[in-house]
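This briefing goes through selected features of one protein structure, grouped by topic. Please keep the sequence and the structure in view while reading.

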Amino acid sequence: MLDITYVRQNPDEIASMLRNRQLASEEPRLQELLEYDRKRRELVQRSDEMKAQRNKVSKEIADIKRTGQGSGEELIRQMKEVSDEITTMDAALTKLETDIEEILLSLPNRLHESVPAGKCAEDNVVFKAPVSYLHLLDFPIKNHLELGKSLGILDFERGAKITGAGFPVYIGKGARLERALINFMLDYHTEHHGFTEVFPPFFVNQDSLRGTGQWPKFADQVYHIGEDNLYAIPTAEVPVTNLHRNEMIETERLPLSYVAYSACFRREAGSYGKDTRGFLRVHQFNKVEMVKFTRPEESYQELEKILMSAEAILQALMIPYRVLLLCSGDISANATKCYDIEVWSPAEEKYLEASSCSNFEDYQARRMNIRFKPDSRSKPEFVHTLNGSGLATSRLMVSLLEHYQNRDGSITIPEVLRPYTGFTSIDQITS
RNA sequence: GGAGAGGUCGCAUAGUUGGUCUAGUGCGCUCGCCUGGAAAGCGGGUAGGGUGUAACAGCCCUCGAGGGUUCGAAUCCCUCCCUCUCCGCCA
């Protein structure tokens, strides 16, 4: 959420940001917001004046009653009218505030100066070219679905039977490999990158979704448990960032770095027919997520560190990837700057998004009211929040299986995972 | 699921027949005095948000959250959330 004071003082900058994000259609909303804001301040002043009068006269009434100088009937009658007016005004005020909040919650974040201008995904900038750890695949290669099936480690059909399409089942060494990846990533980030591990709830309330910005914008993409009014998390970002909602963080603890594994649930409504095969788009997947809370002046430096932490996993696994710097037209509404990490799929012959590393500056912190005091005497300021996947296993699994397949259809387990899998290869089922 | 108790300004507490509560006190923190230095003692300051101002000041709101009654609510009523105790059920 943007600071209304900032919007009021810099309307042109916000308007140009909307155009850069290809959201010029939102400009009338911005004008509406400014008008509501003007009206609200006018009304607040009048309402506060009347409240001041009521407070003052109520004390006079109390004095009169206490000293027994009369009944104060006339004053009470007058204040009854004043109170009625206040009630009317406050109702109008509440309406205005609701409207303002609604617009403010839907306006996207500002953009960092380093974000390239662009209209769509094609305009994203390749920030780091693929580093080549390519294994020699000089034989007809199988895609991850064929490998999963022939090795008996992935079962999409049974997943569809017991739940529905897009809920894969991992079996045998496949399940163990998935768990190994998760454990490896958690250990790596806690041991080498200074993150504190968190195991969060997989369901959150609506306030939490609102805090990180999934609500109201992505309301239709989140699974809802109506009975208890809870939502299945689309990413661990939601519970972990909300850990400090409505808190004043002790300044000396900043920056705070958390890493969390969670299953992630996404309805993916409206995206059927596009990249839906196998793991490319699923309703439930596993992800290790990094979340940071920082002082404003260090957030961009921390963004680079998150990116490097995510890259370190791929380097250790020796999986080829590239890093994109998202352009103004493709970056998510919450972020001021975002890097995507994409892993190469030799079978699909394209890059697959495996991580997204973003700085939200104070956009989420303002929604969640997470602050710190730069020093003991100063006013509280909002922290900056950041996050990055480190990483999502589904696309990673695609790339890993495909890269590490052998001519005979078996899979060699990457060195760094062997302590976690307890085996060095996954071989063809011999029946 | 049932019954009961409770949520107050960092922490602990006072406040329940509505009006001297613009929330008292203790601890903690902090500034100053005192001291060779420290402790003790003494004195002061110790929330957030809104509005407003050049900046102050001033004013408004917040006693778990949200409504209501009233001229006036920490105090009365309603709904919800959370914590604790007991009972029941149960991975």
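A search of the whole structure, which is a predicted model, finds twelve aromatic pairs. One of them is formed by Phe 167 and Tyr 223, whose rings lie 6.4 Å apart centre to centre with 55 degrees between the planes, a tilted arrangement.

**Aromatic rings**

- The pair of Phe 167 and Tyr 223 links distant parts of the chain, since the two residues are 56 residues apart; Phe 167 belongs to the loop between helix H6 (156–162) and strand E3 (169–170), and Tyr 223 to the loop between helix H8 (206–212) and strand E6 (224–225).
- Phe 167 has a relative accessibility of 17% and therefore counts as buried, whereas Tyr 223, with a relative accessible area of 25%, is partly exposed.
- Phe 199 and Phe 202 make a stacked pair, because their ring planes meet at 15 degrees, under the 30 degrees that stacking requires, and their ring centres are 5.9 Å apart.
- Phe 199 counts as exposed, because its relative accessibility is 62% and the cut-off is 50%.
- Phe 156, Tyr 170 and Phe 279 come together as one aromatic cluster.
- A charge also meets a ring in this model: the charged end of Lys 173 sits over the ring of Phe 423, at 4.6 Å from the ring centre.

**Helix H7**

- Helix H7 covers residues 173–192, and its 20 residues should span 28 Å at 1.5 Å a residue, which agrees with the 27 Å between its end C-alpha atoms.
- The buried residues of H7 are Gly 174, Leu 177, Glu 178, Ala 180, Leu 181, Ile 182, Phe 184, Met 185, Leu 186 and His 189.
- As background to such a list, an α-helix has 3.6 residues a turn, so residues three or four places apart point the same way.
- Just after H7, Gly 194 takes a positive phi of about 75 degrees.

**Helices H2 and H3**

- The axes of helix H2 (residues 11–20) and H3 come within 10 Å and cross at roughly 155 degrees; an angle over 145 degrees counts as roughly antiparallel, and H2 and H3 are therefore roughly antiparallel to each other.
- The crossing in which H2 passes H3 is right-handed.
- Helix H3 (residues 27–67) contains Pro 28, which counts as exposed at 53% relative accessibility.
- Pro 28 and Ser 358 are 330 residues apart along the chain, and their C-alpha atoms are separated by 28 Å.

Definitions and conventions. Residues are numbered from 1 along each chain as its sequence is written. Chains are lettered from A and ligands numbered from 1 in the order in which they are written. This is a predicted model: local features need pLDDT of at least 70, side-chain atom pairs count only at pLDDT 80 or more; totals for chains, interfaces and linings use all residues. Side-chain values use heavy atoms; hydrogens and water are left out. Helices (H or I, at least four residues) and strands (E, at least two) are DSSP runs, numbered from the N terminus. Buried means under 20% relative accessible area, exposed over 50%, partly exposed in between (1.4 Å probe, protein chains only). The expected span of a helix is 1.5 Å times one less than its number of residues. Rings of Phe, Tyr and Trp (its six-membered ring) pair if their centres lie within 6.5 Å; planes under 30 degrees apart count as stacked, over 60 as edge-to-face and the rest as tilted. A charge sits over a ring if NZ of Lys or CZ of Arg is within 6 Å of the ring centre and within 35 degrees of the ring normal. Axes are lines fitted to C-alpha atoms, for helices over the stretch in contact, and angles run from 0 to 180 degrees between N-to-C directions. Angles under 35 degrees count as roughly parallel, over 145 as roughly antiparallel, 65 to 115 as roughly perpendicular and the rest as oblique. A crossing is left-handed if the near helix is turned anticlockwise from the far one by less than a right angle, and right-handed if clockwise.
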